[in-house]
Amino acid sequence: MSSNEKPSLSSSDIHNFNGSSGSQVLEIKDSSSLSLTSPLPSPAIAPNPKSPAVGSKPKLSASMIIPVWIALSSTVIIYNNYLYNTLNFKYPVFTVTWHLTFAAIGTRILHRTTPLLDGLKDINMTKDLFLKSILPIGALFSGSLILSNTAYLYLSVSYIQMLKAFVPVAILLISWTFRVSEPNRKLAMIVLMISTGVALTSQGEMGFSMFGFCVQAAAVAFEASRLVMIQILLHGLKMDPLVSLHFYAPVCAFFNLLILPFTEGLAPFYALSSVGPTVLISNAAVAFLLNVAAVFLVGAGSGLVLTLAGVFKDILLITGSVLIWGTTVTGMQVVGYSIALAGLVMFRVSGGK
């Protein structure tokens with residue numbers, strides 16, 4: 001690509017957004033594609049099964065890994081909500097920091113004991129790359145995780161999942177603003193469709209909180225900005241989910257530690273005894289296992305299959321929110337979310353063109 005060309009961001013590069021600590025990771029596949037692999041990764045090329053490379057990563061079929069990924073992704077969100085609102089441990093900054101610290105340690109253990117992080121050999125992490133790219137992207141990632149987890153203190157799981165449908169729209173709006181990609185009439189109609197659907201879900205929300213809505217909207221803005229910045233700053237760099245987590249987890253944990261004294265202070269440490277080590281460790285472990293599952297998910301199926309799997313997961317979460325916590329989902333929200341999901345599927349099928 002010449003120095004005057006701008007990287008383009010297509011619909012195949014943009015997927016759903018989990019919004020739970022430890023569950024958002026990225027993969028930069030090639031010179032023109034970007035995806036969130038934890039929610040909906042795009043397929044990677046698997047080695048020839050007749051001549052597997054020594055120490056290569058094991059491969060699992062889509063029918064095996066997609067249900068596992070859906071279960072882990074849903075469990076992370078439900079477990080975090082349980083921690084915040086049932087156990088009354090209302091310290092999202094501490095929780096995210098703990099998850100990231102656990103992930104930073106976990107990726108380094110896996111690097112020494114398994115071939116899952118062999119992709120590190122292909123990354124030439126220079127000081128300049130770290131300071132100009134990894135550090136600012138990590139700051140946005142930290143803000144996205146903290147804000148998205150804080151939203152669970154004010155909004156229902158079902159409503160948050162509905163609001164996340166707006167993430168691809170936010171990414172497109174930012175990429176159009178900074179001319180990373182160019183708008184067209186079809187994409188503008190899809191953006192309008194998704195926006196209308198999200199607006200209807202908000203109008204029909206019974207337990208609407210303006211503060212919670214603003215927090216989740218800010219989380220969406222941080223995440224969208226992070227993805228666009230990745231496209232601009234790390235264009236062409238290849239990372240799988242665990243390699244990405246290996247670099248970003250300690251950076252995000254560092255930023256969170258700087259924020260913690262000014263937000264929650266020592267309060268979460270005093271409250272640890274009411275939660276117990278078993279809950280804290282298992283909570284972080286589930287989030288970390290989701291990232292491990294994302295490695296196997298890459299290449300497990302086509303982009304459309306994984307998109308539909310993500311949609312199915314969101315519907316399960318909304319249903320679970322109704323059954324577990326008695327959340328009320330109105331008819332207007334069902335209609336609005338259906339419109340938003342239809343827009344997302346059209347966006348994916350259209351190839352962003």
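Reader: How do α5 and α7 lie relative to each other, parallel or oblique?
Author: α5 and α7 are oblique to each other, a word used for angles that are neither under 35 degrees (roughly parallel), nor over 145 (roughly antiparallel), nor 65 to 115 (roughly perpendicular). Their axes come within 9 Å and cross at roughly 55 degrees, where axes are lines fitted to C-alpha atoms, for helices over the stretch in contact, and angles run from 0 to 180 degrees between N-to-C directions. Helices here are DSSP runs of H or I with at least four residues, and strands are runs of E with at least two, both numbered from the N terminus.

Reader: Before we go on, what sort of model is this?
Author: This is a predicted model, in which local features need pLDDT of at least 70 and side-chain atom pairs count only at pLDDT 80 or more, while totals for chains, interfaces and linings use all residues. Residues are numbered from 1 along each chain as its sequence is written, and side-chain values use heavy atoms, with hydrogens and water left out.

Reader: Back to the pair, then: which residues of α5 meet α7?
Author: From α5 they are Val 167, Ala 170, Ile 171, Ile 174 and Ser 175, and they meet Val 220, Ala 221, Ala 224, Ser 225, Leu 227 and Val 228 in α7, contact being heavy atoms within 4.5 Å.

Reader: New topic: where is His 99, and is it buried or exposed?
Author: His 99 sits in helix α2 (residues 92-113), and it is buried, with a relative accessible area of 3%. The side chain of His 99 also makes a polar contact with that of Asn 283, at 2.4 Å; such a contact is a pair of N or O atoms within 3.5 Å, and within protein one must be able to donate a hydrogen and the other to accept it, while residues adjacent in sequence count only if both atoms are side-chain atoms.

Reader: How far apart are Trp 69 and Gly 310?
Author: They are 241 residues apart in sequence, yet their C-alpha atoms are 9.5 Å apart in space. Trp 69 belongs to helix α1 (residues 62-86) and is buried, with a relative accessible area of 1%.

Conventions. Buried means under 20% relative accessible area, exposed over 50%, partly exposed in between (1.4 Å probe, protein chains only).
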